[in-house]
Amino acid sequence: MTKKKITIGTIVVYLILIVLCAVWLLPIISTLMVAFKTPAEYINTKFYQPPKGFEFINNLKEVFSYYHLHINFLNSFIYAVSGVIFCILLSSTAAFAVTKLKPRGSFFIFLLIYSGTIFPFQLYLIPLLRTYNWLGIYNTKFGMILLYSAICTPFATFLYRGYFLNLDDQIMQAAMIDGCGPVGIFFRIYQPQLKAPTAVVALFQGMWIWNDLLFGMILSSSEKVRPIMVAVAQSTGTGGGKIPVMMAGVIFTSIPTILLFIALRKYFIKGFSMQSGLE
């Protein structure tokens, strides 16, 4: 067994990576330490000093009793699950249609869908707000689900289209000869092969919906509809802004995205490998 020679370049690369890891972990560690302190301890100590007790549970109880973040947590959970499901259904079928069925003007149809990712979101705000008021869906859960489903679809269609272009058409042609229609071909042949891109879409779009602040702030005004990130942002202006309590709330709101990444990491890595042509 030969020993791998360690060069100066390797040492430099490792040092840079260690520094980058430390920079990345610093805000996370400081957030954890603050969340375990009492408000009085936070005021009288430096942020980098470790907590003297274990006040995280008490801070978390105050998050629920005073800020009612569990209501907004449930709202965001509904938006993320519903938005991702509708987004996957719409974008995967749209990508299947423009790449396999190829109706007249299919590439133009794809460009029309993909144009939803070209313009900045701020451009939509005023027309979107007026349209929601006109339709009577402002400050409703239906309106929020509709927005998240629609706004996630262009990028997901672009992602699915890349996968469909790499799938063989011969299986589809054989299925059509056997009398299978487009719906059957999609759900019986192609849909089982879409686990990797679906995992990427679910992870990215689910995290985006969960972390959205802009649209949640513009299109909701009540606690029953407001998503979690808007509630966390607004909690800084009430109750004296108890930083340890807020940090406990931030950790609480991060749990779903962490669990989602852990559950889908295998498909997530595979999806990126396929997208980059490594498989």
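**Entry 1: a helical span.** I began with residues 77-98, which are 100% helix and 0% strand, with end C-alpha atoms 31 Å apart. Helices here are DSSP runs of H or I with at least four residues, strands are runs of E with at least two, and both are numbered from the N terminus. I then checked residues 198-219: this span is 91% helix and 0% strand, and its end C-alpha atoms lie 28 Å apart.

**Entry 2: ground rules.** I noted that the model is predicted, that local features need pLDDT of at least 70, that side-chain atom pairs count only at pLDDT 80 or more, and that totals for chains, interfaces and linings use all residues. Residues are numbered from 1 along each chain as its sequence is written, and side-chain values use heavy atoms, with hydrogens and water left out.

**Entry 3: the record.** Which residues does UniProt list as "transmembrane region"? Its unreviewed entry gives 12-36, 77-98, 105-125, 145-163, 198-219 and 243-264. I kept in mind that such annotations may be inferred rather than shown by experiment; positions are in the numbering used here, and feature names are shortened.

**Entry 4: the whole chain.** I counted 13 helices and 0 strands. The radius of gyration is 24 Å, whereas a compact globule of 279 residues would have one near 19 Å. That radius is taken over C-alpha atoms, and the globule rule is 2.2 Å times the number of residues to the power 0.38. The C-alpha trace spans about 75 × 70 × 30 Å along its principal axes. Of the 279 residues, 37% are buried (under 20% relative accessible area; exposed is over 50%, partly exposed in between, with a 1.4 Å probe and protein chains only). I also looked at contacts, meaning heavy atoms within 4.5 Å: among those between residues at least 6 apart in sequence, 74% join residues at least 24 apart.

**Entry 5: L219.** Is L219 buried or exposed? L219 counts as buried because its relative accessibility is 1%. I found L219 in helix α11, residues 214-219. Beyond its neighbours within four places in sequence, L219 contacts L128, L129, Y132, Y138, N139, M144 and L147. I also checked I137, which is 82 residues from L219 along the chain, and their C-alpha atoms are 9.0 Å apart.

Entry 6: N139, one of the contacts of L219, sits in the loop between α6 (125-135) and α7 (141-165). N139 is not a glycine, yet it has a positive phi of about 60 degrees. K102 is not a glycine either, and its phi is positive at about 50 degrees. I placed K102 in the loop between α4 (69-101) and α5 (106-114). K102 is exposed, as its relative accessible area is 53%.

**Entry 7: S115.** I found S115 in the loop between α5 and α6. With a relative accessible area of 23%, S115 is partly exposed.

**Entry 8: T253.** My last stop was helix α13 (residues 243-275), where T253 lies. T253 is buried because its relative accessibility is 3%. Which residues does T253 touch, not counting those up to four places away in sequence? I noted W210, I228, M229 and V232.
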